[in-house]
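Hi,

Here is the structure I promised to pass on. Have a look at it first, and then read my notes below.

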Amino acid sequence: MNHPQHIVTYPRFLWRAIGVATDGKLPFYAWMTFLTAVTLVGINAWAEQTVRGMDVTGMTDQVSWGLYIANFTFAVGLAAGAVAMVIPAYLYKDKALHDVVIVGEVLAVAAITVALAFVICDLGRPDRFWHLLPVIGRFNWPMSMLTWDVIALGGYLVLNLHITGYLLYTRFLGREPNKRWYVPFVMLSIVWAVSIHTVTAFLYSGLGGRPFWNTAILAPRFIASAFVTGPAFIVLALLAVRRFTEMWVGDDALRTILRILRVAVLANLFMVLSEVFTEFYTGGSHVAAAEYLYFGSHGKDGLVPWIWTAIGLNVVAAAILLGANPQQHLKWIGLACAMTFCGVWIEKGMGLIVPGFIPSTLHEMVEYTPTVTEWKITAGIWAAGGIIFTLGVKLSSAIFTGELRLDREAP
Amino acid sequence: MDASRRTALKALGASLGVAGLARALQPLVDWTPATSMDELLQKHYKALTKEELAVILRRLEDEARDTYGVDVTIEDVRPTPGVEFGYALNLSICIGCRKCAEACHNENNHDRSTNNSYIRVLEMEKGSLDMGKGSVDYDGPVPAPGKFYMPVQCQQCRNPPCVSVCPVEATWQESDGVTVVDYNWCIGCRYCEAACPYHARRFNWKKPELGASEINPNQSYLSNRVRPQGVMEKCTFCLHRTRKGQLPACLEACPTGARVFGNLLDPSSEIRWVLENKRVFVLKEDLGTQPRFYYFFDE
């Protein structure tokens, strides 16, 4: 063995990775500058919120969770949905997907980071975040679903960081990755992906006092919609990778993901329909929130345009995805992916979290509208996630195309 | 572009980024002194020794003087063994005057600007217990014809969902049945507020605004001391009073005598008499929360 020691090569890997991450053509710089600017606006808004209190948000004692927790839920789904790429690549040994599965793993890392950031910015006392950590804090496990979520999300982040880090580093060294060091973790990450979204659903569905959430279908519905947003985002990302990087993305890979997406988009709509039927046909107090959401009640209808937009987007996207031919209609498929991504974002965010609080437990009809501060923080967190994703994909592309290798000199 | 120019541009970009970050965090930098290091590292209430807690109580009194300009006493009043508090409310004679809510507001040092209180009074339609037909923002003379009134506050559940969901054990049930919050441990995630079926919990969306003369100086750590920004709070059955043998402020303020408070474990208490002789009910019994707060009608 005359390989240099890791203690030498790993810092070199990091150094060269930083080089790749900060080097590119003009569109790359423009894109990164844009994301950085939005992130900074978000950080500033968060600092302001921490000082002045959550009073700067539109939340109230009646609607005590809003845009942040809505986005948290969606981001967890996106992270779980990334596994839609990992399953065919590893379980079904799909060769075409195997070459690009790293994009899915990078997505998982970025989306989990986004989800965690949304939890932190929703805390009234971010300075006490350490109370929420196992061992050093006071961890109410196993009773509190939120502690389960801390474990699930933290574990998923570590798993995916290990998998991506290991694959990229060995490729950088010019070696074949050793299956022992990543395949077991990939298998674990598949199970773990389902668990993060199940636990997040249990967070809500376990609350007896909130009839709108207190339904057994919530976890399956979360998984179904995760299998919509994950693949939809990956299709868009792969189209972008194909356009802006040298990395090879075959049509076969796109076709496999599309196949998953076609089933998932229908499964998701089916579950929404089952939920809506049960609520409206049964009636009574269980329908109060759904009535407010879909049609408005007591003269309040703030969420009605949101939810019908979501339904419209999802239905049209489903029609396009089912009708389009991947060989000819790639643009249409891209459009449908963007539509259903937005559709689920509304349905699972504003359409699921907010109506859980309207009417309140004492049947007050207090509506919620996010403030500019909340939008700034939300945009900032997504932009930060965009930075992580962009850099992750850029680095992967440089390594997978062989541009970035230990034995090749930096340009 | 040659390499040195590229490096120079990168350095420029990095410095701009760092400068931007510093600028973005400016509000935090200006504010940090408000949170003391002692507070940041303070342990959970149950992990504190008597001595440590005594130091904290003195620190909190000092902070109250510095912030609100008033001398207060903050005690740590513990539950009495053999006591389990229960509350009953006679819906036949409650007139919906909201004196209880007002007394709670004053007793518990609530934020003046939002007129907060742990009690919400619902104006209900006679002939129905459906809260959907009730209203909390009723106005005009009370009692209005065809209506009855139902004050709702923390039900001090035997099986409290708020305690189960708290990720950091910042809220728990004490031996006398009162569910309390350690305001210095709560992280403000508001999961308990989502879990409570009775809208009993409140969040401090901002620092409470109180004038020096408006502050009730008789305070305790787990109840009515002025809460910090960004944490949860709730009704404690006025434990700083009731654990010393006094009655809750809401009961003392009630002009009709609709409220009955006492020790559920004492067979000769008035509350036990009500439970044994009236047909009482609890709110949302189907949820299995098992409240210690009972409602009854006279006739």
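The second largest pocket has about 980 Å³ of space in this predicted model. For the volume, grid points are joined across faces, edges and corners, and what counts is the space filled by probe spheres set on the points. This pocket is lined by 43 residues, and A:Gln62, A:Glu364, B:Thr114, B:Asn115 and B:Arg120 are the closest to its centre. Helix H5 (99–107), E3 and E7 of chain B each give two or more residues to that lining; helices (H or I, at least four residues) and strands (E, at least two) are DSSP runs, numbered from the N terminus. By class, the lining has 14 nonpolar, 16 polar and 13 charged residues. Here Ala, Val, Leu, Ile, Met, Phe, Trp, Tyr, Cys and Pro are nonpolar, Asp, Glu, Lys and Arg are charged, and the others, Gly among them, are polar.

A quick word on conventions: residues are numbered from 1 along each chain as its sequence is written, while chains are lettered from A and ligands numbered from 1 in the order in which they are written. Local features need pLDDT of at least 70, side-chain atom pairs count only at pLDDT 80 or more, totals for chains, interfaces and linings use all residues, and side-chain values use heavy atoms, with hydrogens and water left out.

Now for the largest pocket, with about 1,800 Å³ of space. Of its 47 lining residues, A:Val20, A:Asp23, A:Phe28, A:Thr390 and A:Lys394 are the closest to the centre. Which helix gives the largest share of this lining? That's H14(A), with ten residues. H1 of chain B is also among the elements that supply at least two residues. The lining divides into 30 nonpolar, nine polar and eight charged residues.

Next, where the chains meet. Contact (heavy atoms within 4.5 Å) links 59 residues of chain B with 55 residues of chain A. The buried area, meaning the accessible area (1.4 Å probe) that two parts lose on being put together, summed over both, is about 4,800 Å², and carbon and sulfur atoms give 56% of that. On the chain B side, B:Ile187, B:Tyr191 and B:Trp205 lose the most area to chain A, together 16% of what that side buries.

How many salt bridges cross this interface? The rule (a side-chain nitrogen of Lys or Arg within 4 Å of a carboxyl oxygen of Asp or Glu) finds seven. One joins the side chains of B:Glu39 and A:Arg128, at 3.3 Å from N to O.

Last, some backbone details to look up. The peptide bond from A:Trp141 to A:Pro142 is cis, with omega near 10°, and A:Pro142 sits in the loop between H6 and helix H7 (145–173) of chain A. Chain B has a cis bond from B:Val142 to B:Pro143, with omega near -5°; B:Pro143 lies in the loop between E3 and strand E4 (147–152). A:Lys93 has a positive phi, near 50°, and is a residue other than glycine.

Technical notes:
1 Å grid on protein atoms, 1.4 Å probe; cavity = no way out; pocket = protein on both sides within 12 Å on 5 of 7 lines; lining within 4 Å.
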